[in-house]
Amino acid sequence: MDNLKDFFAAIRAGDTAAVRTMLEAEPALAATKNEQGQSPMLAAVYSGRAEIRDLLLAQGVHLEFYEAVAAGQLESVEHFIDKDPDLARSYSPDGFPVIALAAAFDHFPMVRYLFEKGGDVTAVATNGTGYNALTGAVASGHEQIAIWLLENGADANYRYGAGYSPLLTAAANGHLEIVKDLLVHGADIRAKTNDGKSALAIAEERKHPEVAAFLRSSGAL
């Protein structure tokens, strides 16, 4: 379709009017995939375009299981798992554990439901990123989910990527309350990235003075 690239560009840009117009002219666009293999729904969710996600839902687009998880459609997810309970431990086509998708996109009831159905909070992405549910919640600043994960088996000292830990990620993103929560749950304040940067150094580098001050007062070097 000639309009495919423009369609996905409009999704990424959050141009709801353009997306609506293109769908009205060419409804089949709703069932397409971009070069990364993402559907319109997944592209909207990954881009943080809630209005376009809601537009697609209102138009009744077909959702695969992992798309329903990412979009926060709990009732739909329940129907899928009623038919196939193993889906709670499954991965999206781009390699993310579905429970990590729920955590990253702030769907707390979904996280709990998937866990109750056998989802593994420690499951790691198969795409080389090393992401799991806790890293998703921490990076996105979802404190309530992060605390719950820590209380239900997530590792506060999990290492991924270039030697990052949840604490290092929280410091990098300026999430002070999550930094505190991680330390309460045993995170190593001395942890460093592969290139030798501590949480304190990262907080200072990223200009998060409150996080830096707290870490310093907690004994970070």
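How much space lies in the largest pocket? I looked that up first. The largest pocket holds about 350 Å³ of space. The model is predicted, so I took local features only at pLDDT of at least 70 and side-chain atom pairs only at pLDDT 80 or more, while totals for chains, interfaces and linings use all residues. Residues are numbered from 1 along each chain as its sequence is written, and side-chain values use heavy atoms, without hydrogens or water.

**Entry 1: largest pocket**

I noted the terms. The search ran on a 1 Å grid over the protein atoms alone; a pocket is an open set of points where a 1.4 Å probe fits, with protein on both sides within 12 Å along at least five of seven lines. Lining residues have an atom within 4 Å of a point. A volume is the space filled by probe spheres set on the points, which are joined across faces, edges and corners.

I counted 16 lining residues; Phe 96, Ala 104, Tyr 131, Gly 136 and Ser 140 lie nearest the centre. Helices here are DSSP runs (H or I, at least four residues), numbered from the N terminus. Helices α7 (98-104) and α9 each supply at least two lining residues. With four residues, α9 gives the most. By class I found nine nonpolar, seven polar and no charged residues. Nonpolar means Ala, Val, Leu, Ile, Met, Phe, Trp, Tyr, Cys and Pro; charged means Asp, Glu, Lys and Arg; the others, Gly among them, are polar.

**Entry 2: second largest pocket**

I read a volume of about 190 Å³ for the second largest pocket. Its lining has 13 residues, with Ala 30, Ala 31, Ser 39, His 62 and Glu 67 nearest the centre. Helices α3 and α5 (65-70) are the elements that give two or more residues to this lining. The lining divides into seven nonpolar, three polar and three charged residues.

**Entry 3: Thr 129**

I placed Thr 129 in the loop between α8 (108-116) and α9. Thr 129 counts as partly exposed because its relative accessibility is 25%. The cut-offs are under 20% relative accessible area for buried, over 50% for exposed, and partly exposed in between (1.4 Å probe, protein chains only).

Next I checked polar contacts, pairs of N or O atoms within 3.5 Å; within protein, one must be able to donate a hydrogen and the other to accept it, and residues adjacent in sequence count only if both atoms are side-chain atoms. The side chains of Thr 129 and Asn 127 are joined by one of 2.7 Å. A polar atom of the Thr 129 side chain also lies 3.2 Å from the backbone nitrogen of Tyr 131. Beyond four places in sequence, Thr 129 is in contact (heavy atoms within 4.5 Å) with Phe 96, Tyr 160 and Gly 161.

**Entry 4: Thr 135**

I found Thr 135 in α9 (residues 133-140). Is Thr 135 buried or exposed? At 3% relative accessibility, Thr 135 counts as buried. A polar atom of its side chain lies 2.9 Å from the backbone nitrogen of Asn 132. Leaving out residues up to four places away, Thr 135 touches Tyr 158 and Tyr 160.

**Entry 5: helix α1**

In α1 (residues 4-13) I listed Phe 7, Phe 8, Ala 10 and Ile 11 as buried. They sit on the same side of α1 because they cover an arc of only 155° around the axis, taken from the directions from the helix axis to the C-beta atoms. The buried residues of α1 pack against α2 (16-25), α3 (40-46) and α4 (50-58). Exposed Lys 5 and Ala 13 are on the face turned away from the buried side. After α1 comes Gly 14, with a positive phi near 75°.
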